[in-house]
2 protein chains.
Amino acid sequence: MSKISIDEFAKVELAVGEILSVEKVENADKLLKLSVDFGEIKNTEKDEEGNEVETISRDIRQIVSGIALYFEDYKVLVNKKVMFVVNLEPRTIKGLESNGMILAVSNNSGDFSLLYPDQKVSAGLRAK
Amino acid sequence: MSKISIDEFAKVELAVGEILSVEKVENADKLLKLSVDFGEIKNTEKDEEGNEVETISRDIRQIVSGIALYFEDYKVLVNKKVMFVVNLEPRTIKGLESNGMILAVSNNSGDFSLLYPDQKVSAGLRAK
C-alpha cells in the first residue's frame with residue numbers, strides 16, 4: 001500500500017462510540033442497525049435577546065454495518081464501547097441512513113475483531 | 001471536522017501489531033521505543049536458475065511513541081496486541097527511526113486508551 005503523510009491520516013476522524021441498541025435489518029442477513037452514542041456536542045445558540053447561550057446535546061447516530069454474521073448473538077454488542085470512523089459522508093444502505101462506519105480488522109480466513117478501548121473511557125473520545 | 005470519502009479512509013492502513021519489546025528512550029520522559037510484529041510478509045524472489053521462489057519473512061518494525069507517561073509500568077505493553085497506523089512515511093524521532101504510529105484515543109482531561117482487538121487474532125490483521 002502507498003505511504004501517506006500524517007496530514008492524510010489526520011483527515012480521518014476515529015472515535016469511541018457506545019452502542020446503545022442493535023437490531024437485525026430485515027431481509028439482509030449480514031446487516032445490523034446500530035444506535036451509537038458519540039458523547040456530548042456543545043452548541044452555541046443565540047437566545048431571544050441575542051445573547052450567546054451554550055447548549056449541550058448528545059451525538060447519537062444510526063450506523064448500518066455488515067457484521068451480523070460474525071456474532072452468534074449480536075445482542076452482546078449492546079453497551080459495548082468500540083471504535084468508529086465518524087466523518088464519512090452519510091450513506092443509505094437498504095433504505096436506512098448510515099452516519100459512520102464501525103472499525104474492524106479481518107482477513108480472508110474468517111478472523112475478525114472489533115476494536116476496543118479501555119471500557120472506562122468516555123464515548124466520544126477521538127484518536128489523535 | 002470535514003467529511004471524507006470512503007476512498008480517503010481507505011488510504012490509511014490500520015493493522016494489529018504485537019508488541020515484542022518496550023524500552024524507555026534516554027533523555028525523553030514521554031518516549032517509548034517499541035519493537036512490533038506485524039505478521040508475515042510473502043516475498044517472491046528468483047533463485048539462481050531464474051525460478052520464482054516464495055519466501056516468508058516477518059514484518060518487525062521499530063516504532064517510537066510519546067505514550068510513556070500514560071503507564072505506571074510500561075512493561076505491561078509487552079506481548080499486547082494493539083492497533084497501529086502502518087503506512088505513514090517513516091520519521092526520525094530523537095535520532096531513532098519510527099516506522100508507524102500507535103493508535104490511541106485521548107482528550108484534554110487526561111483520558112487515554114490504546115485500541116485492542118480480541119487478543120486471539122493474528123498480528124498483521126488489517127482494518128477493512
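This is a predicted model: local features need pLDDT of at least 70, side-chain atom pairs count only at pLDDT 80 or more; totals for chains, interfaces and linings use all residues.
Tutor: Local features need pLDDT of at least 70 and side-chain atom pairs 80 or more, while totals for chains, interfaces and linings use all residues. Residues are numbered from 1 along each chain as its sequence is written, chains are lettered from A and ligands numbered from 1 in the order written, and side-chain values use heavy atoms, without hydrogens and water.

Student: Why is Arg61(B) called buried?

Tutor: Buried means under 20% relative accessible area, exposed over 50%, and partly exposed in between (1.4 Å probe, protein chains only). Arg61(B) has 12%, so it is buried.

Student: Where is Arg61(B) placed?

Tutor: In strand 3 of chain B, residues 52-65. Strands (E, at least two residues) and helices (H or I, at least four) are DSSP runs, numbered from the N terminus.

Student: Which residues does Arg61(B) contact, neighbours within four places in sequence aside?

Tutor: Among them are Leu34(B), Phe38(B) and Val86(B). Contact means heavy atoms within 4.5 Å.

Student: Why do Lys11(B) and Glu8(A) count as a salt bridge?

Tutor: The rule asks for a side-chain nitrogen of Lys or Arg within 4 Å of a carboxyl oxygen of Asp or Glu. Lys11(B) and Glu8(A) meet at 3.8 Å, N to O, so they qualify.

Student: Why does this pair join two chains?

Tutor: Because Lys11(B) lies in the loop between helix 1 (6-10) and strand 1 (14-24) of chain B, and Glu8(A) in helix 1 of chain A.

Student: What makes Asp37(A) and Arg58(A) a salt bridge?

Tutor: Their side chains meet at 2.9 Å, N to O, so the pair passes the rule. Asp37(A) lies in strand 2 of chain A and Arg58(A) in strand 3, so the pair ties together parts 21 residues apart in sequence.

Student: Are Asp37(A) and Arg58(A) buried or partly exposed?

Tutor: Asp37(A), at 7%, counts as buried. Arg58(A), at 45%, counts as partly exposed.

Student: How many salt bridges does the rule give over all chains?

Tutor: The count comes to 12.
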